[in-house]
Structure formats: structure tokens, C-alpha cells
Amino acid sequence: MGQPRPLANLFSVELWERFSFYGMQGILAIYMYFSATAGGLGIDEGVALSIVGAYGGSVYIFSILGALVSDRLLGPEKTLFGSAVMIMIGHLALALVPGVPGLVAGLLLVAIGSGGLKATAATLVGSLYDLQDTRRDAGFSIYYMGVNIGGLFGPLVTGFAQKEWGFHLGFGLAAIGMAVGLTQYLLTRRSLPRTVHVVPDPLPRSKYPLWAAIAVVVVLVVLILVLTGAMNPGNLATIMVSLSVVGAVVIFTLLLTSKKVTGDERSRVVAFIPLFVGTAAFFALFQQQFTVITLYSDTRLDRNLFGWEMPISWAQSFNPFFIITLAPLFAALWTKLGTRQPTTPKKFALGIMLMGAAFLLFLPMVPVASVPVLWIALIMLVATLGELSLSPVGLSLTTKLAPAAFPVMMMALYNLSIALGTSLSGALAQFYSAETEGAYFGILGAVTIAIGLIMLAISKPVHQGMRGVL
């Protein structure tokens with residue numbers, strides 16, 4: 001396709017990493033709340049869904065840690081490689097270590113590793129191109145296609161394996177997928193540019209003891225909280241929500257009070273505040289495909305296809321399928337509209353309202369005993385239309401609004417908005433049950449649409465506050 005050869009390597013790594021990540025996440029919730037006789041751990045449903053949301057949120061929080069390690073200690077290439085190895089070991093722990101110890105070790109390793117890989121993979125792709133290289137956008141488009149291909153096939157393969165042969169084989173296939181991507185990366189990593197081995201902002205050796213001491217203190221605090229019961233599986237999602245909010249407040253305060261930030265840049269940071277809230281609101285519902293919608297697929301969905309029962313996790317492949325199908329159409333639409341296309345705040349408002357509308361689509365099925373699979377497909381289609389209106393522009397917009405002195409901090413804010421929304425998806429899931437699903441989907445859908453309408457109402461002043469950023 002006229003692209004640098006190392007792009008194929010990075011494409012493969014990301015495809016297999018997403019295959020393993022979504023493949024594992026597709027069966028994670030049911031592994032926790034299925035009874036021991038069905039191969040699960042017998043954890044309470046609400047607690048299991050809360051853990052899934054907390055785990056998903058932690059990935060984005062750990063991506064900030066991954067960025068710090070990459071920028072100050074190891075450089076992007078070594079950070080990516082170490083993260084990929086950690087992910088594979090985490091999947092192996094889930095596959096081979098029985099019970100709760102395997103769950104804890106596996107999720108912790110995969111979360112830290114995925115955060116590190118998420119923080120560095122795009123950097124490596126960008127290193128293949130000069131800033132003026134016209135192939136750059138097409139290269140990123142090809143790369144992100146790997147994300148969705150992996151996201152499509154991961155739940156299909158691991159879900160089938162789990163249904164036919166058990167959870168641990170499903171987790172094992174996720175580990176094998178990561179091993180395939182890692183092996184190819186090992187064989188071809190020498191072809192990457194030398195710049196990816198450089199540490200951009202090395203931490204002075206004199207500060208190593210201080211940062212090591214901080215790390216030890218953090219680990220000790222977490223251990224104390226766990227041993228005293230202050231941190232437990234039931235409140236993990238709430239803790240992640242709190243960490244995301246506190247982190248966001250600290251970073252916003254830093255950016256808005258720093259003397260290194262100009263007047264125009266400060267205005268752009270202020271304009272990002274409603275976009276931060278909107279992104280969190282969107283992902284609080286969107287990420288429930290791994291929590292509430294997984295439970296819904298298990299208990300409310302008619303998964304019988306011509307006498308064969310579809311695996312529970314297959315419902316999670318609708319979203320990447322629709323992205324692969326519709327993303328080129330959205331790109332063509334925005335290109336054709338040119339200067340007539342909606343402003344970014346209006347796109348955010350549209351995406352949020354579509355996500356709320358997707359939840360309202362659950363309501364007609366409340367009195368139906370066995371919901372057709374195609375109805376979930378319709379719901380995920382509307383949710384994907386919302387994602388394509390909001391998510392692709394969010395990352396790009398963050399880089400444009402970032403103050404020149406704090407590009408990493410601004411990216412950390414974006415990741416915290418997703419962490420907040422993903423953690424909320426777990427915290428909110430504890431209020432869901434088959435008996436309350438009408439109120440649950442109705443209230444969340446209506447509140448989210450209201451947030452979208454507020455975003456639409458303030459879109460003009462928000463756009464003006466962006467000071468020339470489109």
C-alpha cells in the first residue's frame with residue numbers, strides 16, 4: 001500500500017493485542033459470576049460487573065504510568081515490548097492459575113501492560129513518518145483497522161472456546177494470540193527507526209531513589225487498604241471513579257494556573273472541560289457492553305440460532321464489525337461536507353445523544369421474555385454511530401487544544417475522561433437487574449440525551465473558546 005514496512009509489524013502487534021484484550025474481556029464477567037459447577041468463580045453479579053468496569057478504567061489510568069515510564073525511563077520501544085510481555089503473562093495467569101489468585105494476578109498484569117502498550121503504540125506508528133509525510137493519516141487509518149479486526153475476532157474465538165471447552169481455554173487462546181503478535185514483533189523490531197529507542201526526557205539518576213520510594217509507598221498504601229478491607233471488590237469501581245475525578249481536577253488546576261500557559265491556551269483548556277464531561281458520559285454507557293450488556297446477553301437474549309446457542313460474548317463483536325463497515329463512510333461524509341461539517345462540539349453532542357438513544361432502545365424489549373439477537377445488533381449499531389461521531393475526533397482534538405508546555409498532561413486528561421466513564425460503567429452496573437431494567441435503561445438514556453442537548457446548547461461558546469481550533 002506504499003506504506004513503511006514496519007507498519008505491518010505494528011499493525012500485527014496491535015491486532016493480536018486487541019484480539020487478546022477483547023477476547024479475554026468478552027468472557028471475563030461471566031467467568032466471575034458463573035457458579036463453580038459451570039466453571040466460574042461464583043462471585044456476586046453486581047460485584048463482578050463492578051470489577052470489570054474498574055479493570056477497564058484502570059487500563060486508562062495505567063496508560064498515564066506507561067507514558068511516564070516511556071518518556072522518562074525506557075523509551076517507547078522498550079516500554080511497548082515490556083508491556084506486551086506483561087500482557088501475555090497476565091493471560092497465562094488467567095488460563096493456568098485457578099481461582100481468585102489467577103484472576104487478581106492476571107487482571108493486574110494485563111491492565112498495567114495494556115496501559116503501557118496503549119501509551120506507546122501510536123508513538124511508534126508516528127515515528128515511521130516525517131511530519132509532512134502525506135502517507136501519515138492513511139498509515140494511522142490502516143493501523144487502527146488492526147484494532148477493530150482484533151476486537152471483532154477476539155470475542156468470537158474466545159467465546160466459542162469458552163462455550164465448548166471452558167473458560168481457561170478461552171483465556172489460553174487470548175495468551176496465544178498475544179504470543180503470536182509478540183513473536184512477530186521480536187523478529188522485526190530491528191526495522192523500527194532509531195528514534196524509538198531514545199528516552200525523550202530522561203529522569204536524572206539522582207532522582208531514582210525518590211521515585212522508587214514513592215512507588216514503594218503507593219504499593220504499601222494499596223496493600224494496607226486491601227488488608228483492612230477499605231479497598232475491596234465491591235468498591236473498586238467507585239475508587240477508580242474517585243481517582244479519575246481527583247486526577248482530572250489536579251491536572252485542570254495545574255494547566256489553568258500555570259504561567260507557562262498563554263491566554264489562548266487557557267481558553268482552550270476551559271473549552272475542554274465540557275468535552276471532558278461529555279466524553280465521560282458517553283463511555284459510562286458505551287463501556288457497559290462489557291458489564292450490563294454481557295449480563296443482558298446471558299440472561300435476556302435469545303441466542304438460539306437454528307438449534308445452536310450463540311456464545312454470550314459474541315454480542316460484543318457487533319461494535320467492531322460496525323466500525324469496520326461504517327468508519328470509511330463517516331470519513332467520506334466529513335470530507336464531502338468540508339467546511340459545512342458540524343463543529344467538534346456539535347459532533348460530541350450528536351455522539352452523546354446517539355448513545356443515550358441506544359439505551360432507550362432497550363425499553364421496547366422490557367416486556368419481552370426472550371430478546372432477539374438482532375435487537376442487540378440494532379442497539380450496538382446506534383451506539384457505534386455515536387462512537388464514530390465522538391471518539392475519533394476526541395484524541396485529535398486533545399492534541400490540538402493542548403498547551404505547548406503540557407502536551408502529555410492534556411493527553412492524560414483525555415485518558416482520565418475515558419477512565420472515568422469506564423469506571424462509571426462498572427459502578428452503575430451494580431444498580432442493574434432484570435426487575436429494574438426499564439428504569440435503569442430509561443433513566444440513563446434520558447440523562448445522557450439531556451447531557452447531549454446541553455452540549456449542543458453550549459456548542460457555540462465552546463467552539464469560540466477553542467480559539468481557532470476546528
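A residue counts as exposed when its relative accessible area is over 50%, and as buried when that value is under 20%. The legends below describe a predicted model.

View 1. Phe306 has a relative accessible area of 90%, so it is exposed. This residue is found in the loop that joins β2 (304–305) to β3 (308–309).

**View 2. Arg467, a partly exposed residue after α16.** The segment that follows α16 (459–465) contains Arg467. Where Phe306 is exposed, Arg467 counts as partly exposed, at 41% relative accessibility. Phi of Arg467 is also positive, near 50°, and Arg467 is likewise a residue other than glycine.

**View 3. The largest nonpolar core.** This core holds 99 residues. Which of its members touch the most other members? They are Met24, Tyr55, Ile376 and Leu413. Helix α13, covering residues 373–401, gives the most to this core, with twelve residues. In soluble globular proteins, nonpolar side chains tend to be buried together.

**View 4. The surroundings of Leu413.** Neighbours within four places in sequence are left aside here. Beyond them, Leu413 is in contact with Ala248, Ile251, Phe252 and Leu255, and also with Phe272 and Phe276.

**View 5. The protein chain as a whole, for orientation.** The protein chain has 16 helices and four strands. Its radius of gyration is 22 Å, close to the 23 Å that the globule rule gives for 470 residues, so the chain is as compact as a globular protein of that length. Along the principal axes, the C-alpha atoms fill a box of roughly 60 × 50 × 50 Å. Of the 470 residues, 50% are buried. Among contacts with a separation of 6 or more, 82% are between residues 24 or more positions apart.

**View 6. The surface and charges of the protein chain.** The accessible surface comes to about 20600 Å², and carbon and sulfur atoms account for 72% of it. How many positive and negative side chains does the protein chain have? There are 26 positive and 19 negative ones. The centres of these two sets lie 14 Å apart.

Methods. Residues are numbered from 1 along each chain as its sequence is written. This is a predicted model: local features need pLDDT of at least 70, side-chain atom pairs count only at pLDDT 80 or more; totals for chains, interfaces and linings use all residues. Side-chain values use heavy atoms; hydrogens and water are left out. Helices (H or I, at least four residues) and strands (E, at least two) are DSSP runs, numbered from the N terminus. The radius of gyration is taken over C-alpha atoms; the globule rule is 2.2 Å times the number of residues to the power 0.38. Buried means under 20% relative accessible area, exposed over 50%, partly exposed in between (1.4 Å probe, protein chains only). Contact means heavy atoms within 4.5 Å. Accessible areas come from the Shrake-Rupley method with a 1.4 Å probe; for residues, only the protein chains shown count as cover. Lys and Arg count as positive and Asp and Glu as negative; His and the chain ends are not counted. The place of a charge is taken as NZ of Lys, CZ of Arg, CG of Asp or CD of Glu. A nonpolar core is a set of buried Ala, Val, Leu, Ile, Met, Phe, Trp, Tyr and Cys residues joined through side-chain atoms within 4.5 Å.
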